[in-house]
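Open the model in your viewer and keep the selection panel at hand. The stops below are meant to be taken in order.

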Amino acid sequence: MDDGGLLRNLWGLKPIILTSILLVLALRIMVVLWWRPRKIEYHFAKQGIKGPPYHFFIGNVKEIVQLMLKASSHPMPFSHNILPRVFSFYHHWRKIYGATFIVWFGPTARLTVSDPDLIREIFSTKSELYEKIEANPLVKQLEGNGLISLKGEKWAHHRKIITPTFHMENLKLLIPMVGKSVEEMLDKWDQMMWEKGGGGEREVEIEVSEWFQGLTEDVITRMAFGSSYEQGKAIFRLQSHQMLLAADAFQKVLIPGYRFMPTKGNMKSWKLDKEIRKSLVKLIEKRKLENCNTNINDNNINMGNNIGSEEVGVGGDGPKDLLGLMIQAGMREDEKNNNNNNNNNNIPEINNSSLNNYAPQLSSTNNKNKITVQDIVEECKSFFFAGKQTTSNLLTWTTVLLAMHPHWQDLAREEVFRVCTSRDIPSKDDLAKLKMLNMILNESLRLYPPAIATIRRAKYDVELGGCRVPCGTELLVPILAVHHDQAIWGNDANEFNPMRFSDGVSRAAKHPVAFIPFGLGTRTCIGQNLAILQSKLVLTILLRRFSFTLAPSYQHAPTVLMLLYPQHGAPIVFRQLSEHDKETGPGCRVDQVV
Ligand code: HEM
């Protein structure tokens, strides 16, 4: 048969081919959206694990949204039993199916795991069997493709590079600058009091969550950009703008592929992305030049060692920052590559002009460890996303708790005056001695953990607590529920009692890993030292200057949109401490509450 005949025959087969393709597609859809979920349901039911029935394509999403909307439709009493409001679907189905059940997020099964022994297995002892899941593309746009979401070798390489930023010795160098930022914020509150009260009563109502966000943003900027603080601030402002666009889309849009469409919002976001990249490239070039000028070595890329540093309050031994460490790692890799290339005589000499080596599209090698501009952009996003709201939420809830429980506020203040004596900004040694404040922060993280849950996926068919879990099943660890579990924490699990942490975190509950606000194991939060240090610092300075109560307009309405936050804000009334209180500290002793 000639070619023309063959083509004609194929053309005649077109309807059959098309029908076959459609049939295969339909079959595949049925397998993924109907048969597989049914099979998984049956698999778990056989082992005694049930859950709300799967609905075609959407799973239980409709019920979840309904339960959450209902729960958040009105505020709750001033109680810390927040699980039914914040995690309504979990609370609802746990009552019906027990603590371990299957819930469907679309066609994906999630098995809830709240037993601390099993949590330890997933995150620590058998963590190689589980992996992080990929975030929804819009969330990914928010959180960046940095440490939070990276996996495998690239994650390990980045974590190793970035870890020194968070060493306690490095963080302590931040204290004077952060202290200064806190004092500036409180001076503004003072000013507001004056303007409002004149010579009369000195008090002011502040919506603390907004102010704390500004403060934590400032600190994250210093951690990320160090001496390039001002340029870093401008870059974060662009990122902040971009995050608002993504958050907006996240709430409204469920169309697959929407983020690729040239909508007004997307075009703005792409433009911002370009601007961010451009500014970072410029900044990296500048920092590289400064580093070369100061003949930098492995251990001293930091804020203070850069020529032309605009940093205030740090000397020559300023803290290491994310940007500096990543540039340094990139330079080291380049040097290694240059040496290898020179040894191999492949490329006689590579021009070490700053930028090209960092631009991914220009990268001359295929090195997995290469640090590109895009890597730095993504890590900056991750820092901003992971560090800003989490810490400001911790500060917000702790302030709310201290306003609700004035007795504990007095105890914390008494400790601050005793430990810091006349120092307005505590020293690093003072901060280490503030045991009561530490216990209060832990109790706040227990009752109001900013991250209420985390998820892992089984990489293989695994056995967990005697249950056979098929490869691909997601495991939902409800941090909030573990923290409020009476079987673990006792009958007063829903009460604010910082004293439970008096013998340390591992002895606070019946199980040593029942307290997991920062996660567990190798992927535990890299920023936890920073979050605690910063929170202690802010609260210490705050407690020295003001006493505070909930504003009459405060409504107790914890809710969750990625993180746990106060749905109607956190208005708090601050009053200046009397001179008498400042001199003597409020007279309340710890043993009065035990
Ligand atoms: C109160 C404050 C914070 C809380 C409650 C918190 C909570 C968490 C949790 C639960 C995880 C583990 C997530 C998982 O295993 O799936 C995590 C990871 C992470 N956090 Fe935090 N975080 C806080 C502050 C910060 C800060 C200040 C930063 C950085 C500036 C930060 C950066 C990160 C990063 C980069 C990861 C991913 C680490 C990795 O996978 O290697 N966090 N955080």
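Residues are numbered from 1 along each chain as its sequence is written. This is a predicted model: local features need pLDDT of at least 70, side-chain atom pairs count only at pLDDT 80 or more, and totals for chains, interfaces and linings use all residues.

Select residues 16–35, listed in an unreviewed UniProt entry as "transmembrane region"; such annotations may be inferred rather than shown by experiment. The span is 100% helix and 0% strand, with its end C-alpha atoms 26 Å apart. Helices (H or I, at least four residues) and strands (E, at least two) are DSSP runs, numbered from the N terminus.

Next, select the open sheet of 3 strands, with order β4-β12-β9 and antiparallel pairing. Pairing requires at least two DSSP bridges between two strands. β4 (203–207) and β9 (546–550) stand at the edges with a single partner strand each, so one side of each has no neighbour in the sheet. β4 and β12 (residues 571–576) pair over 5 bridges; glutamate 203 has arginine 575 in β12 as its bridge partner.

Contact means C-beta atoms, placed from the backbone, within 7 Å. Helix α11 (residues 208–225) also packs on the sheet, touching β4 and β12.

Finally, select alanine 412. Leaving aside neighbours within four places in sequence, alanine 412 is in contact with Leu402, Met436, Leu437, Ile440 and Leu543.

Definitions and conventions: Contact = placed C-beta atoms within 7 Å. Axes fitted to C-alpha atoms, helices over the stretch in contact; angles between N-to-C directions.
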